[in-house]
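Reader: I'm new to looking at protein models. Could you walk me through this one and tell me where the labels come from?

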Amino acid sequence: MPDVSLSALVRECDRLLRPDRFQDWEGAVNGLQVENRGRVRRLAAAVDVTPETLRLAVNARASLLLVHHGLFWSTNHPWTGAHYRILRLLLDNDIAVYSSHLPLDAHPRLGNSARLCAVLGLRSLRPFFETKGRPVGFRTTSRSGLERAELVRRLERAVSGPVKLAPGGPSICQRIGVVTGGAGSELAQAALEGVDTFITGEGPHWTFGQAEMLGLNVLYAGHYATETLGVQALAGHLSRRFGVPWTFLDRPTGL
């Protein structure tokens, strides 16, 4: 089995994702969050770091876990209780953790939004939806447009699950914007950028009425479901580049 240095994999991730160019939510840490002893034989990719995800990583014999939602979002000490058990599991099993949040959302080829657009068959993409100083989504414009019902069907196939539709806009979608995750509370921003249809993961109840007021179609496909594609694309890239096998640890939240 191939044996690659952790530092080489981290350098490649940093080169691709450029975490140094991004601000993120306060407390978030993009990049290597936990080291191992320095060698990687198998990669695992997951959306979230949770105790169960880590158990799956141990069972998969992974030595590097790539995640979208990492360990750190706020002050995270002392390392007792559940925090200690997570750290102990990582150290005992020699598992490193690399996390990429907004940099992975924004990447034009491997990112969550870009990959979802590709699966939906959306082309001629342009950056869309600035967050923390950088666009994290993509938009496309088509004169002929796409029937709203067909877009819903494509999205349901893409996420292998139901899609919630707030049909506030036209039945033919000509200006479609995609931002994965939890961008539903920012419908006004999406409308201000000129889209008539907005695809994201989740949003509050009151956005149904707001979508009507803004004349905007909103498609909610699930926070987790819309963010499974980026970590898989990143793991696939590293596997091809370094010859290291990888697996996806699917731990759906239903949210």
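Predicted model: local features only at pLDDT ≥ 70, side-chain atom pairs only at ≥ 80, totals over all residues.

Reader: What makes you say that the charged end of Arg241 sits over a ring, and which ring is that?

Author: The ring belongs to Phe242, and the charged end of Arg241 is 4.8 Å from its centre. The distance part of the test asks for CZ of Arg within 6 Å of the ring centre, so 4.8 Å passes. Arg134 does likewise with Phe22: it lies over the face of that ring, at 4.6 Å from the centre.

Reader: Why is the pair of Phe72 and Trp79 called what it is?

Author: The ring centres of Phe72 and Trp79 are 6.2 Å apart, and the planes meet at 75 degrees. Centres within 6.5 Å make a pair, and planes over 60 degrees apart make it edge-to-face, so this pair is edge-to-face. There are 4 aromatic pairs in the structure. Another one is Phe129 with Phe198: their centres are 5.6 Å apart with 20 degrees between the planes, so with a limit of under 30 degrees the pair is stacked.

Reader: What does the pair of Phe129 and Phe198 tie together?

Author: Phe129 belongs to strand β7 (residues 126-131) and Phe198 to strand β11 (residues 197-200), so the pair joins parts that are 69 residues apart in sequence. Phe128 comes in too: ring pairs link Phe128, Phe129 and Phe198 into a cluster.

Reader: How do you know whether Phe129 and Phe198 are buried or exposed?

Author: Look at the relative accessible area, where buried means under 20%. Phe129 has 3%, so it is buried. Phe198 comes in at 0%, so it is buried as well.

Reader: And what about Phe72 and Trp79: buried, partly exposed or exposed?

Author: Phe72 is at 18%, which is under the 20% limit, so it counts as buried. Trp79 is at 31%, which falls between 20% and 50%, so it counts as partly exposed. You'll find Trp79 in the loop between β5 (64-69) and α3 (81-92). Leaving out residues up to four places away in sequence, Trp79 touches Phe72, Tyr84 and Leu87.

Reader: Why do you say that the buried residues of α8 line one face of the helix?

Author: First, who they are: in helix α8 (residues 207-214), the buried residues are Thr207, Gln210 and Ala211. Looking down the axis of α8, they fall within an arc of 105 degrees, so they line one face. Here's a handy rule: an α-helix has 3.6 residues a turn, so residues three or four places apart point the same way. On the face of α8 turned away from the buried side are the exposed residues Glu212 and Met213.

Reader: What covers the buried residues of α8, and what follows the helix?

Author: The cover includes β9 (164-167), α7 (187-192) and β12 (217-220). After α8 comes Gly215, which has a positive phi near 65 degrees.

Reader: What makes the phi of Ser124 worth a look?

Author: Most residues other than glycine have a negative phi. Ser124 is not a glycine, yet its phi is positive, about 50 degrees. It sits in the loop between α5 (112-120) and β7, and at 63% relative accessible area, over the 50% limit, Ser124 is exposed. Lys132 also has a positive phi without being a glycine, near 55 degrees. Lys132 is in the loop between β7 and β8 (134-147), and its 35% relative accessibility makes it partly exposed.

Reader: How do you know that Cys173 is in no disulfide?

Author: A disulfide needs two cysteine sulfur atoms within 2.5 Å. For Cys173 the nearest cysteine sulfur is that of Cys117, 13 Å away, so Cys173 is in no disulfide.

Reader: Last one: where is Ser5, and what lies 3.1 Å from a polar atom of its side chain?

Author: Ser5 is in strand β1 (residues 4-5), and the atom you're asking about is the backbone nitrogen of Ala8. The limit for a polar contact is 3.5 Å, so 3.1 Å is within it. Not counting residues up to four places away in sequence, Ser5 touches Gly38 and Arg39.

Conventions. Residues numbered from 1 in each chain as written. Heavy atoms only, no water. Buried < 20%, exposed > 50% of the residue type's maximum accessible area, 1.4 Å probe, protein only. Helix = DSSP H or I, 4+ residues; strand = E, 2+ residues; numbered from the N terminus. Arc of directions from axis to C-beta. Contact = heavy atoms within 4.5 Å. Polar contact = N/O pair within 3.5 Å; in protein donor to acceptor, adjacent residues only side chain to side chain. Phe/Tyr/Trp six-rings, centres within 6.5 Å; stacked < 30°, edge-to-face > 60°. Lys NZ or Arg CZ within 6 Å of the ring centre and 35° of its normal.
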